[in-house]
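This briefing goes through selected features of one structure, grouped by topic. Please keep the sequence and the 3D view at hand while reading.

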Amino acid sequence: MTETSGRVAACLPIRSDTDLAWVRQHVRQAAAEVGFGLVEQTKLITAASELARNTLVHGGGGQVESVFLDHGRARGLRLTFTDEGPGIPDVERALTDGYTSGGGLGLGLGGARRLVHEFSIDTSPGHGTSVTVVCWVGVPPRPREEAR
Amino acid sequence: MSWGLEGPVSTHVPVLRIGDVLLVTLQGELHDKAAEQLQQDIGEAVAGSSAGAVVIDVSGVEIVDSFLGRVFAEIAANAKLLAAETVVAGMRPAVAITLVELGLTLPGLRTALDVQEALRMLAQPSTPLSPGQGRQENA
Ligand SMILES: Nc1ncnc2c1ncn2[C@@H]1O[C@H](COP(=O)(O)OP(=O)(O)OP(=O)(O)O)[C@@H](O)[C@H]1O
Ligand SMILES: [Mg+2]
């Protein structure tokens with residue numbers, strides 16, 4: 001599903017752990033505004049927290065843009081996390097549960113993908129990384145195997 | 001969109017002593033630094049007392065990501081070195097569901113429905129529980 005238009009809700013910096021808290025707070029409010037249920041909100045905020053932390057820790061800081069999506073009966077939220085860090089040389093490996101180049105658990109990226117409906121990574125070594133996720137209101141979670 | 005003046009509040013986390021148990025109550029947004037501070041505080045509190053258990057009340061916590069999850073796991077691992085058990089109490093169903101999907105299993109952590117149940121569990125021999133056990137959530 002590719003969405004075409006949307007209203008930009010916010011563009012927030014990700015430069016410190018305080019900013020991470022702001023991002024979570026923003027996503028909580030935006031998700032409530034779009035009409036997500038409690039579980040969906042919690043999943044989306046958690047995914048956002050993981051991706052924002054990656055932007056900060058691995059990408060050296062960056063920003064997140066949130067966009068309200070409204071396509072007739074389908075309402076959703078799109079979040080794009082962008083940094084100008086080192087990029088991800090091997091995306092498949094980075095998405096593997098348990099893979100970390102630092103001291104993490106290696107769950108953030110793969111876990112975030114499981115928590116949302118649409119997930120894409122645009123990265124090139126030396127030029128940065130952009131991770132985009134979309135959640136739609138009232139759409140059941142993806143089947144597990146599709147998320148892999 | 002405007003947020004008003006105050007940002008998400010990072011709370012001071014008190015560690016209470018109830019008999020043999022250290023009770024920590026978490027509320028709202030926990031910044032990464034506050035979580036790391038908490039880990040250190042609990043470590044010191046366990047070391048400086050003869051506490052046999054740590055109960056972390058997370059009923060007021062809306063989000064647990066892999067960072068906070070790892071902090072919980074490390075608190076439990078440290079406490080274990082000092083022969084103290086750790087129980088996470090009152091995790092919201094939405095949070096438990098999300099953690100499972102995230103893939104965070106929190107090994108070494110026992111969970112309880114609430115603080116009361118945690119205290120009851122600690123008075124009995126170990127039976128590990130899984131997060132969200134026995135609970136249902138309407139999505
Ligand atoms: N924005 C980014 N820029 C560069 N590398 C990244 C970025 N995001 C993720 N990575 C790479 O992908 C790996 C896996 O990310 P993931 O979030 O799954 O694990 P982690 O951040 O290492 O640990 P955790 O999130 O569990 O604490 C990272 O270790 C890092 O090497
Ligand atoms: Mg990560």
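A polar contact is a pair of N or O atoms within 3.5 Å. The model is predicted. The points below cover a ligand site, a helix pair in chain B and one lysine of chain A.

**Ligand 1**
- Ligand 1 is surrounded by 19 residues, and the closest are Asn54(A), His58(A), Thr100(A), Ser101(A) and Gly106(A).
- The site is shared between chains because the residues around ligand 1 come from chains A and B.
- From the side chain of Asn54(A), an N or O atom is 2.8 Å from an oxygen atom of ligand 1.
- Leu105(A) has a polar backbone atom 3.2 Å from an oxygen atom of ligand 1.
- For Leu109(A), a backbone N or O atom is 2.9 Å from an oxygen atom of the ligand.

**Helices 1 and 2 of chain B**
- Helix 1 (residues 32-47) and helix 2 (residues 66-81) of chain B have axes that come within 10 Å and cross at roughly 5°.
- The two helices are therefore roughly parallel.
- Helix 1 of chain B contributes Asp32(B), Ala35(B), Glu36(B), Leu38(B), Gln39(B) and Ile42(B), which meet Phe67(B), Leu68(B), Val71(B), Glu74(B), Ile75(B) and Asn78(B) of helix 2 of chain B.
- Seven nonpolar, two polar and three charged residues make up this contact.

**Lys43(A)**
- Lys43(A) is part of helix 2 (residues 38-57) of chain A.
- With a relative accessible area of 9%, Lys43(A) is buried, because buried means under 20%.
- Apart from neighbours within four places in sequence, Lys43(A) contacts Leu115(A) and Pro141(A), as well as Ile97(B), Thr98(B) and Glu101(B).

Technical notes:
Residues are numbered from 1 along each chain as its sequence is written. Chains are lettered from A and ligands numbered from 1 in the order in which they are written. This is a predicted model: local features need pLDDT of at least 70, side-chain atom pairs count only at pLDDT 80 or more; totals for chains, interfaces and linings use all residues. Side-chain values use heavy atoms; hydrogens and water are left out. Helices (H or I, at least four residues) and strands (E, at least two) are DSSP runs, numbered from the N terminus. Buried means under 20% relative accessible area, exposed over 50%, partly exposed in between (1.4 Å probe, protein chains only). Contact means heavy atoms within 4.5 Å. Axes are lines fitted to C-alpha atoms, for helices over the stretch in contact, and angles run from 0 to 180 degrees between N-to-C directions. Angles under 35 degrees count as roughly parallel, over 145 as roughly antiparallel, 65 to 115 as roughly perpendicular and the rest as oblique. Ala, Val, Leu, Ile, Met, Phe, Trp, Tyr, Cys and Pro count as nonpolar, Asp, Glu, Lys and Arg as charged, and the others, Gly among them, as polar. A residue is near a molecule or strand if one of its heavy atoms lies within 4 Å of it. A polar contact is a pair of N or O atoms within 3.5 Å; within protein, one must be able to donate a hydrogen and the other to accept it, and residues adjacent in sequence count only if both atoms are side-chain atoms.
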